[in-house]
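Subject: Structure for your review, with notes

Dear colleague,

I am handing over the structure below, and I would be grateful if you would read the notes that follow with the model open beside them.

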Amino acid sequence: MMRRTRRTTTSLTALAATGFLAGAAVAQDFNATEPNGAAYDQTPAFEGQTRAPELEGDVALQQTVLAEGLEHPWGLVEMPDGNWLVTERPGRMRMVSPEGELSEPITGLPEVDARDQGGLHDVSIAEDFADTRRVWWTYAEPRGDGENATAVATGILSEDGTALEEVERIWQQQPAWASTKHFGARIVHDGEGNIFVGLGERSDPEPRVYAQDPQATLGKIIRIDAEDGSPAGADIEGALPEIWSMGHRNIQGAAMGPDGQLWMNEHGPQGGDELNAIEAGVNYGWPEVTYGVDYSGAEMGVTEMEGTEQPVYYWDPSPAISGMAFYEGDMFADWQGDALIGGLRSGDIIRLDIEDGMVTGEARHATGIGRVREVEVASDGALMVIIDEEDGQLIRITPEG
């Protein structure tokens, strides 16, 4: 059974007159603030690695609140019938209809550790979902004595959409840790029957060093068989067989580019949010290599080190980047192939023009919308975003008029 939520439509053009966009012009000057790393003379490794030119040709947007009353929503995926699956961090998964009807929580999910940043995270469906109704999700799994770690599970969504059946946990992050932060947990399908999962390094100084340990899966990207979780990694000598890449901090967004390139983004410390083009067997440096500074203001490591890969792009200060998609659709003709990334702290949608693997321009859209946790492109070309708040929303964004 679904309940209808209140739907509201807001025009960003109209709201400008009421003051909603009063700070938009200032907010668009996102390259004006001095980087935190300037205190330690940090400079980019190559031209265009940060602070790309502002893209021109902004478009007026219309926001429609499709569903509200979601408690810290995190993951989002569209089903073939136009319904959306959305996760809530406390451990619930719901279905939202195209008309904005919000279902009761879907039953059958495992227990989650929902303290702080933990809980139910990403959700994904099979390419042949219409036939198999197979769903995957990531979550913070309680392991006892206050310890937890990211896990991956799969199941079959019942025909009536009310329950997950044949639920099986297919993978566990090791080692578990008594931390409530940096679970990561985005899922990307590789088109060959495997899934990539981006994982956090659990934040604290003690576990974060495991990001450089090939015998641990903290701070890693793994690739596993989507059905049974068996390893399908990069065959790195001396590494666990599911590891694809290493040296990551807290992966928050992930998407396959139009050309088949895997991209993932991750939070830096104070500054140093990164966008990475992911390649098999590569070390991306954390915690030894990073831009930005520690939250105390102290210097952290170096910005370059032999044997580690530079980010394609980084932000300092950090917008606290999150969910990610590449635009392919009819509504925003000038955005074809552009990367769209949620901004949690910046409260907007970050759009990047990427050409030949390099960021050539950046824009900010829907400034002031709230903590954008995930961005997806609907089958009709509209943008769908979830706002990560205690009273969170699923919002549909289209061009004005």
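Tyr 327 is buried, because its relative accessible area is 0%, where buried means under 20% relative accessible area, exposed over 50% and partly exposed in between, computed with a 1.4 Å probe on protein chains only. Phe 332 also counts as buried, at 4% relative accessibility. The ring centres of Tyr 327 and Phe 332 lie 5.7 Å apart and their planes stand at 85°, so this pair is edge-to-face; rings of Phe, Tyr and Trp (its six-membered ring) are paired if their centres lie within 6.5 Å, and planes under 30 degrees apart count as stacked, over 60 as edge-to-face and the rest as tilted. Together with Trp 335, Tyr 327 and Phe 332 make up one aromatic cluster.

Before going further, please note that this is a predicted model, in which local features need pLDDT of at least 70 and side-chain atom pairs count only at pLDDT 80 or more, while totals for chains, interfaces and linings use all residues. Residues are numbered from 1 along each chain as its sequence is written, and side-chain values use heavy atoms, with hydrogens and water left out.

Aromatic pairs and charges over rings

The structure holds eight aromatic pairs. One of them joins Trp 263 and Phe 326 in a tilted arrangement, with 6.3 Å from centre to centre and 55° between the planes. This pair links distant parts of the chain, since Trp 263 belongs to strand 17 (residues 262-266) and Phe 326 to strand 20 (residues 321-326), 63 residues apart; strands (E, at least two residues) and helices (H or I, at least four) are DSSP runs, numbered from the N terminus. Trp 263 and Phe 326 are both buried.

Arg 202 lies over the face of Phe 183, at 4.3 Å from the ring centre, and Arg 249 lies over the face of Trp 286, at 5.2 Å from the ring centre.

Strand 20, which holds Phe 326, belongs to an open sheet of four strands in the order 20-21-22-23, with antiparallel pairing; two strands pair if DSSP finds at least two bridges between them. Strand 20 and strand 23 (358-365) are the edge strands, each pairing on one side only. Neighbouring strands in this sheet are turned by 25° against each other on average, direction ignored, where axes are lines fitted to C-alpha atoms (for helices over the stretch in contact) and angles run from 0 to 180 degrees between N-to-C directions. Four bridges connect strand 20 with strand 21 (residues 339-343) in the antiparallel sense, and Phe 326 stands opposite Ala 339 in strand 21.

Strand 17, which holds Trp 263, is part of another open, antiparallel sheet of four strands, with the order 16-17-18-19. Its edges are strand 16 (251-256) and strand 19 (313-315), each with a single partner strand, so one side of each is left without a neighbour in the sheet. Strand 18 (residues 273-277) pairs with strand 19 over three antiparallel bridges, and Asp 273 stands opposite Trp 315 in strand 19.

Strand 9 and its partners

Strand 9 (residues 134-144) is mostly covered, with eight of its 11 residues buried. Four bridges join it in the antiparallel sense to strand 8 (residues 120-125), where Val 123 has Trp 137 of strand 9 as its bridge partner. Strand 9 is also joined to strand 10 (residues 147-157), by 10 antiparallel bridges, and Arg 134 stands opposite Ile 156 in strand 10. The hairpin of strand 9 and strand 10 has two residues between the strands, and Asp 145 takes a positive phi near 55° there.

A buried loop residue

Ala 216 is found in the loop between helix 4 (205-208) and strand 14 (220-225), and counts as buried because its relative accessible area is 1%. Leaving aside residues up to four places away in sequence, Ala 216 touches Gln 174, Pro 175, Tyr 210, Leu 240 and Ile 243, contact meaning heavy atoms within 4.5 Å. Ala 216 and Gln 173 are 43 residues apart in sequence and 8.0 Å apart in space, C-alpha to C-alpha.

With best regards

Note on methods
Lys NZ or Arg CZ within 6 Å of the ring centre and 35° of its normal.
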